[in-house]
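Hi,

Please load it first, then read my notes below.

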Number of protein chains: 2
Amino acid sequence: MFKKMKTIVIGKAIKSAESESEKFSVIWGLPVLSSDAISSVSYACEEILMVLVPVLGIASYKPLMGIAAAIVGLLLILVFSYRQTIECYPHGGGSYSVASDNLGKVPGLVAAASLSIDYVLTVAVSTCSGTAAITSAFPQTIPFRVEITLFLILLLTLGNLRGIRESSILFGIPTYLFIFSIIAMIATGLIKVFVFGQVPQPTTALPPQAQDVTILLLLKAFSSGCTALTGVEAVSNGIPNFKAPSQKNAKRVLALLALLVFVIFSGVCYLASMYKVAHAENVTVVSQIASRVFGSGTIMYFTVQATTAMILIMAANTAFADLPLLLSLLAKDGFVARSFGSRGARLSFSNGIMLLFLLSSVLVIVFKAETHLLIPLYAVGVFLSFTLSQTGMLKKWITHRQGNWRHKAVINGFGALMTAVTCVIIAVSKFASGAWIVLICIPSLVAFMLFIRKHYNKVRDNLSIEDSSSDLILENPTENYILLPVQSVNKSFVKALNYAMTLGKKIEVYHVSTNKAETERLKVKFGQLGLDFPLLIEEAPYRNINETLLAHVDKEQARLNKHEMLTVVLPQFVIPKRWHYMLHNQTSLRLKSALVRRRDVAVVTIPYIINE
Amino acid sequence: MFKKMKTIVIGKAIKSAESESEKFSVIWGLPVLSSDAISSVSYACEEILMVLVPVLGIASYKPLMGIAAAIVGLLLILVFSYRQTIECYPHGGGSYSVASDNLGKVPGLVAAASLSIDYVLTVAVSTCSGTAAITSAFPQTIPFRVEITLFLILLLTLGNLRGIRESSILFGIPTYLFIFSIIAMIATGLIKVFVFGQVPQPTTALPPQAQDVTILLLLKAFSSGCTALTGVEAVSNGIPNFKAPSQKNAKRVLALLALLVFVIFSGVCYLASMYKVAHAENVTVVSQIASRVFGSGTIMYFTVQATTAMILIMAANTAFADLPLLLSLLAKDGFVARSFGSRGARLSFSNGIMLLFLLSSVLVIVFKAETHLLIPLYAVGVFLSFTLSQTGMLKKWITHRQGNWRHKAVINGFGALMTAVTCVIIAVSKFASGAWIVLICIPSLVAFMLFIRKHYNKVRDNLSIEDSSSDLILENPTENYILLPVQSVNKSFVKALNYAMTLGKKIEVYHVSTNKAETERLKVKFGQLGLDFPLLIEEAPYRNINETLLAHVDKEQARLNKHEMLTVVLPQFVIPKRWHYMLHNQTSLRLKSALVRRRDVAVVTIPYIINE
C-alpha cells in the first residue's frame, strides 16, 4: 500500500547507473543557476524602502538610488572574485570546499553552517515572497498566505523527491518570461515618462520627512538591500554541469547573471523612485509599479505577477537542489548523519530534501509567511560564506604564489574585505531584528557537526580491523548456552524449543512466575512435553517479568568464559495486520532491546505466524 | 534516570501479595462511594435553570421545583431497585456484570461501553465543575480555566498511579465538610427567611417570560437535571469493600446517600428559587446562593466554594478507581487489550488510569472546560446502563422465580421502565446538543470490543496445544542453514561470524553490492580472514539493500525441507547513548522486522558494544 502510494507520488525507482545528469549550455544554464539571484531583486528594493520611508518619507528616493549603486558596486566585486574561483575549481567551488581546502576544517564548517541556514532561508523567503506576488494580484487570497506558502513548499518537495533537476527547459521558460516581462515593464515605464512625457503620479500620499538621514539608517537600508546579491555564488557551484568548455561557459553565465541583476535591480529601484512607490500592506512594490506602468487588471500586469511568483519558486527550488548536495558532501566527510549521503529511489538525496521541507515549513509557520520578518535573518549567512570563500581564495594565492598571483590576490582580497565589511554591517544593523538567531545557530551547528564527526570516528575506531585479521577467527567453536524464557506452553514456544534443540544441548527453560495458579498449570503442561532438561522457575513479587529475566541473564552472563556467548531464544508470534499489535503487550520488544545491549548475549527470534 | 523519576513520582513498587485492601464501615464508606452522586447536585440545579431561564425568565422557578420533585422521585425508584441488586450480587453488581449475566454478551457490552463513556465524562464534568467553583471564588483565575482543570486531572492521575484508594479518611473529611457546609448553607438560608423574616433579593434582574411552558422545554430541563442521579450505582459496585455484614452496610450507605442527595438537591433548588438565582457567566449557582446567604467574601462562603471544588475532585477520583477496574474485568474477558488487566508497580491498573487521563484531558481541551457543553453527553450513558442493569435484574427474577420474586420483579421492572423512559427523553431532547456523539460512540465501542475478543480467540486457537503435546517435539534436530549478511568487514561482523560458526557448518556470507569499489575492498578484506565458505555477492542497481536481501532470504527459505529453518545472523553495534542512534541508518531495524514476518527464518542478533 505505502509502496504503491510512494511510486505514484515520487515515481519509479531509478538505477544508480543512470545517474549521469544533463549538461547545460549558456542559454539554458543561465536560468537554472540564476533564478535565486535574479528573483531576490523582486523583494530587495521593497526591503530598502521599508527601512527608509517610515523615517524619510517623501525624501527616501535619493538615498534609495545611492544604496542601489552601492549594492551594484558590491555585485561587480563579487563577479570578479567568483570568476577566479571558477578558474581554480573546475569541479565546483562551493564555499564549503574552498574554505575547508584553504582555511581548514573549522572555517569550512562555518561556511557550511552559514550556507545551510541560508538555503533554508532561501526556501522560506522565496516562497513567502512568491505568495506575496500571488496575494498582491488576488487580494481575496490574503487570509490563506501561510497555507499557500506551505503548499508551494510541499510541491517543491515532491518535485525534488521525484528529481526535477533533469529538465532545464522547465526552469528556462519561466525565468526568461520573468526577465522579459520585468524588462518590458522597466522599458515601458521609462518610455512613457521620457518619450511620451507622462507625469508619474505617486501611488500613495507619502508622509513628510520625519527625521534626518543618519549613517545607521543608510547602513540598515543597505543591509536590507544586500539580499539582492544572494544566489550569485550558485554559478561557481555548478561548473561541472556545464557543456565543455565548462569553465568558460560558467564565466559567461556569471557575467550575464550580473548584467541581469544590474539591469533589473537598478531599473526597479529607478521606477520605484519615479512613481514614489512605498511599501504597502499586502501589495508588493513590483506589483504597484506594474499596475502603474501597465494599468492594474491588464494582461501585462498579471504576467509580471505570475512570472515573479514563478521565478521565486524556482529560486526556492535552487535551495532544494543545493542543500541536499551540500549535506551529502558533509555526510561523506562525517560531519552530518550518514543518511544524508544516500540517494533515494529516484537518485535524489531524499533525507536532505525532507529536512529542508521540515525546517522551511517551520520557519514559514513561525514567521507567519511574512517576508520582511525573515529578511533580517537572511543575508548574514550569505555574506559570511562569501567572506570565507574569498578569504580562502586569497590564502590560496598567497600560499601557492603561481603566475599572476599578486593581481588575483588583490581582487579576492578586496572581495573578502568588502564582503566582510558588509557582513559586519548586516550583523550589527539587523542584530536585534533577527540576525542574532543566525549568530547563535552558526556556532551551534559547527559544534554539533564536530561532535558528529567525533562520534563517527569513535565508532570507526571501535569497529576497524588491523591487518592481522585472520587471528580474529576463533579456532575451536565453543558450545552454546541456551536460555529459553517461557510464559505459556503453546505452539509458538514449542517451535522455539525445537529450534533451540538444534543449537546445542545446554538448554535451560526459564519461567518468571507472577501468579501461582498459572505457574502450576505451566509446570503440568511442560511436564507433558517429556523433555530432559530443567524448567527453572523464579518468582517476581513485583510483577516485573522483564527485569527479573534480565537479572537472571546477567547472572548467567557473568559465568561465561571468554568468547563464550549466551543465546537467548525468544518465541514471537507474528500477526498479519500490524495494527493488531496494539492489542498485545509489547514487552517482548522492550526485552529484546534491553537484551541486545548486553555484550555476550545473542538474541534469537523465532517467529510464529498467526493465521487470519 | 527515568526509573528514578518514576519512583519519586509514583512511589516504590508494591508486592502482589500486599493487594488486600481496606474495608469500609458505614461512616467511611459513605464518603468514598457517594462523592460522585452528591457532587453532581452542585451543577444539576444550574443545568435546569440554564434551560428554563432563557425561555421562561422570572417564571422559571415553579417548573424548577416540579422538575426537582420528579428527579427525587426517580431517585427513590433507583434506591429501591439497587437495594435488590445489592442483595443478589454480594461480590459487586456493576451494570456490566448484571447485564452480561442475565441478558447476554452484547447487552453486557452495551452497559460496559456506556459506563466507560460515563466514567470519562465524570472526570471531565467534575473537574470542569470543580474549576468553576474555584473561578467563581477567584475571578482572576478565569482565563486559566482549561489549565487549572488539566492540572487537577494530572494530580488525580498521579495520585491514582500511586494508589490513593487506601485512605478513606482522605476522602471522608472533604466529603463530610461539603455535606455540612452545604447543609449549613441551606439551613441558614431557610432560617434567615422564615425565622428572621428577611425578604430575599433576586441576584440579577431576570427577563420577563418570553414564551409559554412547553412539554419539550420541561423534558429538556428534566434531562439536564438528571445528572444529579449519576453515581448512585457506585454503592452496588463496591459491596465487597464493606465490613461484614457487607450487604447490610451497603444498603445503609445507599439509603444515606439517597437521603443526602434528596436534602441537598431539593435544598439547593429551593434556595435558588427563593433568591431567584439564574445562571450567570463565570459564577456558579451555588456560589451565588452562598454569597446571598453568607455574604460574599465571608469565611463560610469560601468554605462552601472550597468544599464544592474538593468534592467534585473526589467525584472525578471515583471514576479513576472505577474505569480501570471495569477495563480490567473487560480485559479478563478479552474484550479490551490485555494490558488493561495488568497491575502496575503500585498495584493500580496503570494503563486504564493513563487512558482515562488522556481521554478526559482531550474532552476538557475540546470543550474548553465548559461544564454545560459536556452535560448533554453525560446522562445518556448513565441511564442506559441503569436501564440495562434493571432489565437484567427483572430477567433474573422472571427466570429463577424464587421466593418473593413477583414483588421484586415489579420493583426492578418499574425501575427499568422509568430509567428507560428517562434515557429516551435525554437522548431525544439532548440529541442535537451532543447526545448524538454518545449514541455513535456506544455501538462503535461495542463493535470494537467484539472485534478484539474475536482477535484474541483467533490468536489463542492458533497457539493452543492439544493433549498429544509430546508429539510436537521433533526427534532428530536438523542441521542449521546460516545466512550472514555483510556490508563491511569489521569487528562487529567478525564477532557475528565467530558466533555463526558455533551454530553449524552450512554458512553463507552474503553481500549486497551498491558500489563496485566498495565491493572490491570487501572481497579483499574477506579473503584475508582465510575462511572456507563462500562470499555470495548480489548487485542492487536500485540501491535497495534490504529488499535485495529479503528476496534472497525468500529464495533460500523456499528450498528448505519441512521443519528446517534458515538462521539469519545479524551483527548489530550498540551505542551506549541511545540518541546517538539517530546518526546511524536504522535500516537493520526495518530489516529485522521484515525478516521476523517470515515463517521459517530465525533471526539472531549479535551485539557489538561501542566503547565511549
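**Chain contact and a helix pair**

Start with the strands: β5(A) and β5(B), residues 601–609 of chain B, are joined by three bridges and run antiparallel. One pairing to look up is A:Thr605, whose bridge partner in β5(B) is B:Val603. Keep in mind that this is a predicted model.

Now the whole contact between the chains. Chain A puts in 66 residues, and chain B puts in 66 residues. On the side of chain A that touches chain B, at least two residues each come from α16 (431–463), α17 (491–503), β4 (566–574) and β5 (601–609). That side of chain A holds 35 nonpolar, 22 polar and nine charged residues.

Next, a helix pair within chain A. Helix α3 (residues 61–88) and helix α15 (residues 405–429) have axes that come within 9 Å and cross at roughly 135°. An angle over 145 degrees would count as roughly antiparallel. The two helices, α3(A) and α15(A), are therefore oblique to each other. Their crossing is left-handed.

Which residues meet there, in α3(A) and α15(A)?

- From α3(A): A:Leu74, A:Ile77, A:Leu78, A:Phe80, A:Ser81 and A:Gln84.
- From α15(A): A:Lys408, A:Ile411, A:Asn412, A:Phe414, A:Gly415, A:Met418 and A:Thr422.

By class, this contact of α3(A) with α15(A) has seven nonpolar residues, five polar and one charged.

Best wishes

Conventions: Residues numbered from 1 in each chain as written. Chains lettered and ligands numbered in written order. Predicted model: local features only at pLDDT ≥ 70, side-chain atom pairs only at ≥ 80, totals over all residues. Contact = placed C-beta atoms within 7 Å. Helix = DSSP H or I, 4+ residues; strand = E, 2+ residues; numbered from the N terminus. Nonpolar A, V, L, I, M, F, W, Y, C, P; charged D, E, K, R; others polar. Pairing = 2+ DSSP bridges. Axes fitted to C-alpha atoms, helices over the stretch in contact; angles between N-to-C directions. Parallel < 35°, antiparallel > 145°, perpendicular 65-115°, else oblique. Left-handed = near helix turned anticlockwise from the far one by under 90°.
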